[in-house]
Amino acid sequence: MNIESFFPKDIRKALSKEPPGSWMTAVPNGCIRLNSGYPAKELVPSKEIKEAVSRLLYEEQDLPLHYLGSPRMDNLKGQIQERLASRGMNISEEELLITAGACQAIDLIARILLDETAVVFVEAPTYMEALEVFQNYTNQIISIPIDKDGMQTAELEKMLMERKNEGLPNPRLLYTIPTFQNPTGTTLSQQRREHIMQLAKEYDFLILEDDAYGELAFRESPQTLKSLDTESRVLHVGSLSKVVAPGMRIGWVAAACQFITSLYWFKKDLDHPFSQSIMSAYLELVNFDQRTAVLAEKYEKKATALLNALTKHFPDSASWYHAAGGYFVWVKVPGVNTSEMLNQALKAGVAYVPGQYFFLNQEDGTEYLRLSFSYADVGEIERGVEILGEVIQSYLRK
């Protein structure tokens, strides 16, 4: 029996690509993890979550363990609405959908908006799992470069004008991580945020704003695109993975009611009642503004340690962006194939993510690598960068 013959054409096309997560490298025991986009283990509130579970089950007994779940599932929506309102986004209950993390939100949006005729614009580089999702639905993906101020909106406008002059369709969707971007750590300037909103109106496209890192600002978080949205063009995706715990799988989409209804149509009742109820019980007692302030302080110290170590141990030819929040620093090392060098680095005791995986055209990322300052402690960060600097010098001497 030919099992593949039972798959529809679009599924066979998706399966012909690299499997999801193929970019993830097995990390040897004892290796310093500068590759991990995880919260620091000491900043995951495991004690508070344990207390929330106990209180939830004591007060509601079996309810959170049923299909319909706890009344706290509805409370969670209100708690997220409060977080969004504190950042200038006044979202009604009908405009909010809770999802199993940001990835499910991105996939649901792609499912209702994209097909093989759809054109998607993305940043270059960008979040690799979003690329994997979009490629399941369309091959028409176009990259717009990033610099220290985020997506180069002048290049975006140029591309839009060229397509219009050539009679080519406008993008249906622009995907962007405007704040503390993954992988570059860059933040879109206010002027460029306003420019993107203007271009979306002029060329009639939607924006998927991935705001996974938006609350991890070392100083003040910039305006979201959604807070600038007067025409319901922005589908805002957020998550508690980076600020509470990724294993809880709590994300959301904030968008116009018609989008939310359509997303729910395909999400159906695929909620996670227990996780959502626990998260709501946890949020009832936490001062979230205070928590994000603590996270910002801790992560800024780690980012500073990483940047200082790069200056000390990397060759003068290397360059990087200075993140103002989030988890990542994006490094260019001319003359180094970072994918080829990875095994050498792992043997020496440090892990990173090669830059190629963040580009549609992977050759564009050959000389780049992503370093995370979120998971390792300051001492590990300093030692890891020192080791990596030695590995780079060794590579360049070949």
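A residue is called buried when its relative accessible area is under 20%, and exposed when that area is over 50%. In this predicted model, Tyr352 has a relative accessible area of 2%, so Tyr352 is buried.

**Tyr352 and its surroundings**

Tyr352 sits in the loop between strand E12 (350-351) and strand E13 (353-354). Leaving aside neighbours within four places in sequence, the residues in contact with Tyr352 include Leu34, Asn35, Thr338, Met341 and Leu371. Glu162 is 190 residues away from Tyr352 in sequence, and their C-alpha atoms are 37 Å apart in space.

**The chain as a whole**

The protein chain contains 12 helices and 14 strands. Its C-alpha atoms fill a box of roughly 60 × 55 × 55 Å along the principal axes. A compact globule of 398 residues would have a radius of gyration near 21 Å, and the chain has 21 Å, so the two agree. Of the 398 residues, 53% are buried. Among contacts between residues at least 6 apart in sequence, 75% join residues at least 24 apart.

The accessible surface of the chain is about 18500 Å², and carbon and sulfur atoms account for 50% of it. The chain carries 40 positive and 52 negative side chains; the centres of these two sets lie 3 Å apart.

In soluble globular proteins, nonpolar side chains tend to be buried together. Here the largest nonpolar core has 71 residues, and Leu310 and Phe314 have the most contacts inside it. Helix H10 (residues 288-313) gives the most to this core, with 9 residues. Apart from this core lies another, of 39 residues, among them Ile109, Leu113, Val122 and Ala130.

Which residues does Leu310 contact, leaving aside its neighbours within four places in sequence? They are Trp320, Val329, Val331, Leu371 and Val385. Leu371 is also among the contacts of Tyr352.

Why is helix H5 (residues 128-135) described as largely enclosed by the rest of the structure? The reason is that 6 of its 8 residues are buried. These are Met128, Ala130, Leu131, Glu132, Val133 and Phe134. Ala130 also belongs to the core of 39 residues.

Pro125 lies in the loop between strand E3 (120-124) and H5. The peptide bond that joins Ala124 and Pro125 is cis, with omega about 5°. Another cis peptide bond joins Asn182 and Pro183, with omega about 20°. Pro183 is in the loop between strand E6 (173-176) and helix H7 (190-203).

**Two positive phi angles**

Phe180 is found in the loop between E6 and H7. Phe180 is not a glycine, yet its phi is positive, at about 55°. Gln61, also not a glycine, has a positive phi near 55°; Gln61 is placed in the loop between helix H2 (46-60) and helix H3 (72-85). Is each of these residues buried or exposed? With 2% relative accessibility, Phe180 counts as buried, whereas Gln61 is exposed, with a relative accessible area of 57%.

**Ser275 and a summary of accessibility**

Ser275 is in helix H9 (residues 273-285). At 18% relative accessibility, Ser275 is under the 20% limit and therefore counts as buried. Not counting residues up to four places away in sequence, Ser275 touches Met248 and Ile250.

| Residue | Relative accessible area | Class |
|---|---|---|
| Gln61 | Gln61: 57% | Gln61: exposed |
| Phe180 | Phe180: 2% | Phe180: buried |
| Ser275 | Ser275: 18% | Ser275: buried |
| Tyr352 | Tyr352: 2% | Tyr352: buried |

Methods: Residues are numbered from 1 along each chain as its sequence is written. This is a predicted model: local features need pLDDT of at least 70, side-chain atom pairs count only at pLDDT 80 or more; totals for chains, interfaces and linings use all residues. Side-chain values use heavy atoms; hydrogens and water are left out. Buried means under 20% relative accessible area, exposed over 50%, partly exposed in between (1.4 Å probe, protein chains only). Helices (H or I, at least four residues) and strands (E, at least two) are DSSP runs, numbered from the N terminus. A nonpolar core is a set of buried Ala, Val, Leu, Ile, Met, Phe, Trp, Tyr and Cys residues joined through side-chain atoms within 4.5 Å. Contact means heavy atoms within 4.5 Å. The radius of gyration is taken over C-alpha atoms; the globule rule is 2.2 Å times the number of residues to the power 0.38. Accessible areas come from the Shrake-Rupley method with a 1.4 Å probe; for residues, only the protein chains shown count as cover. Lys and Arg count as positive and Asp and Glu as negative; His and the chain ends are not counted. The place of a charge is taken as NZ of Lys, CZ of Arg, CG of Asp or CD of Glu.
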